[in-house]
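User: I'm new to this one. Can you walk me through a few spots?
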Amino acid sequence: MFRLSMIAATALAASLAFAVSVQAQIVKTPIPGDPVETSSGHVAGKVLDSGVRAYFGVPFAEPPLRELRWQPPQPRAEWEGIYNTDRFAPECMQTLRNSNINHYFGEESLSEDCLYLNIWAPEDAEPGADLPVVVWIYGGGFNVGSTNMANYSGEQLAQRGVVYVALSYRLGAMGFMAHPELAAESDTGTSGNYGLMDQAFGLQWVQDNIEAFGGDAGNVTIVGQSAGSMSLSALQVSPLADGLFHKIFGMSGSLINAFASPYEQVESAGLRAQEQLGAADIEEMRAVSADRFLDLEGVRFGIGIDGHVLPEPGWTAFQSGNFADVPMVIGYTKDETFNGLAGAQNADELRTRAQDMFGEDTDDILAFYDLQAADFRRTAVDISRDMSMASAVRDWAIAQTTYGDSPVYAYIYSRTQPYTEGVTFADHNPATVGAYHTVEVPYFLDTLDSLNMFRETRTWTDADLELRDRSAGALVAFAQTGDPNVDGLDWPVYELDDERLVEFDIDTVDTIEWPNHEAMQIVHEQRINQ
């Protein structure tokens with residue numbers, strides 16, 4: 001009897017699950033005029049409550065499975081009928097997120113079959129409308145990230161008049177593993193950087209198809225944060241992306257003089273992965289389930305100078321004239337740090353750590369900072385920021401200004417978000433985190449509400465809403481015209497002999513001198529002379 005009850009309960013659960021699944025496939029609000037014809041077939045989306053037209057999970061390449069694992073992206077085979085793009089596709093292979101961390105936006109399905117994009121278009125978008133196009137490339141250290149995360153939503157910017165595309169790319173081992181056998185089977189003689197190839201391939205899809213969604217293929221702004229911004233700098237110097245975009249908006253990341261590895265280094269990571277997996281050759285590695293690559297110990301995959309996707313280091317590419325000379329907005333946040341200097345407990349410890357990094361230039365660098373300040377932690381964070389992310393962004397600005405003709409607009413984001421009293425996170429201390437890495441994203445993308453999806457973590461103020469409107473307005477203005485100045489914003493063009501940027505903070509959005517740029521210049525000269 002108990003067994004029969006269990007069977008009945010299981011059957012009922014299955015039928016309910018089926019009913020929910022069927023319900024999820026019903027498009028209650030189809031888009032007038034759909035389907036849209038793309039290069040692979042017809043797609044149909046849905047109208048959101050805001051009126052925005054949404055196409056979620058649009059295929060832009062063949063699934064990179066089996067023999068296509070660790071191969072360049074391939075054109076999606078044509079389909080018959082109508083492809084309903086009414087729900088998000090799986091995110092690319094990565095470790096999943098705990099629900100008690102700062103940036104938690106719900107569960108997502110996971111798959112190697114992940115080369116899809118999402119499109120948000122204004123309510124009145126029609127073919128031939130020639131609206132500016134914003135293409136979002138997510139961050140996550142090239143190991144995590146998704147087009148579907150709520151803080152990356154394009155709905156709000158679409159309401160402001162742009163066609164917004166969120167583009168997926170392979171991550172971790174699937175996206176960036178290099179290996180001698182892969183190089184041997186490749187027409188280019190190199191391997192790795194498949195995630196960058198996905199990005200360039202997706203941008204080509206945008207060129208070929210976005211006009212059908214109301215976008216202007218001749219006015220594409222690529223936007224990204226962290227590894228997404230590093231990707232923008234890589235695309236700027238990659239021949240694969242030549243002519244596929246017209247403006248860059250990069251938040252906290254650059255490969256110019258930083259963060260890209262020699263090819264031999266990324267190839268050695270592939271060999272270590274093979275050893276840990278106990279695979280005899282690359283074919284056996286292709287047969288290994290993708291989740292096993294997430295458990296590798298001490299092996300990290302990322303961008304390498306492979307001679308094909310990235311023929312040369314970023315700074316060298318600028319010197320050689322091998323880069324896209326386009327207008328740029330680039331910047332960083334006040335409290336992001338990417339080296340060990342911020343953890344120093346006193347001046348002596350900081351000086352010792354700096355000595356290991358900067359050698360004989362240490363004293364000259366530290367002379368620009370007050371190591372005896374009452375708030376030593378503030379000084380340590382400033383030095384750590386300036387010697388890591390701020391220098392990487394500044395080097396990018398210097399490269400474009402020195403070797404290009406298009407303008408650069410720089411910023412520092414200083415707003416500490418207003419945390420709800422008593423809120424805690426597993427990875428984030430509201431009392432000390434300050435203007436952390438990623439703090440600017442929900443302001444520029446107008447997604448502040450995403451941080452309160454499942455619990456209230458921020459108590460947004462009217463001043464935050466005003467800062468959001470100024471930030472998002474600047475991004476949209478830049479996408480429209482190549483100039484971020486809007487609503488009285490006085491944002492100067494970066495100059496080598498007049499290093500100014502705009503500081504975004506709750507009380508003011510003002511032009512300031514680039515903080516401690518003299519100290520960063522010493523690091524810059526170290527890098528270009530290596």
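This is a predicted model: local features need pLDDT of at least 70, side-chain atom pairs count only at pLDDT 80 or more; totals for chains, interfaces and linings use all residues.

User: How many residues does helix H10 have?
Analyst: H10 has 12 residues, 347–358. Helices here are DSSP runs (H or I, at least four residues; strands are E, at least two), numbered from the N terminus.

User: Which residues of H10 are buried?
Analyst: Ala-347, Leu-350, Ala-354 and Phe-358 are buried, meaning under 20% relative accessible area with a 1.4 Å probe, protein chains only; exposed is over 50%, and partly exposed is in between.

User: Where do they sit around the axis?
Analyst: They are on the same side of H10, because they cover an arc of only 60°, taken from the directions from the helix axis to the C-beta atoms. Asp-348 and Asp-356, on the other side of H10, are exposed.

User: What caps the N-terminal end of H10?
Analyst: Asn-346 does, with a side-chain oxygen 3.2 Å from the backbone nitrogen of Asp-348.

User: And what follows H10?
Analyst: Gly-359, with a positive phi near 55°.

User: New topic: where does Asp-306 lie?
Analyst: In the loop between strand E12 (304–305) and helix H9 (314–320).

User: What does its side chain reach?
Analyst: The side chain of Asp-306 reaches the backbone nitrogen of His-308 at 3.2 Å.

Notes:
Residues are numbered from 1 along each chain as its sequence is written. Side-chain values use heavy atoms; hydrogens and water are left out. A polar contact is a pair of N or O atoms within 3.5 Å; within protein, one must be able to donate a hydrogen and the other to accept it, and residues adjacent in sequence count only if both atoms are side-chain atoms. The expected span of a helix is 1.5 Å times one less than its number of residues.
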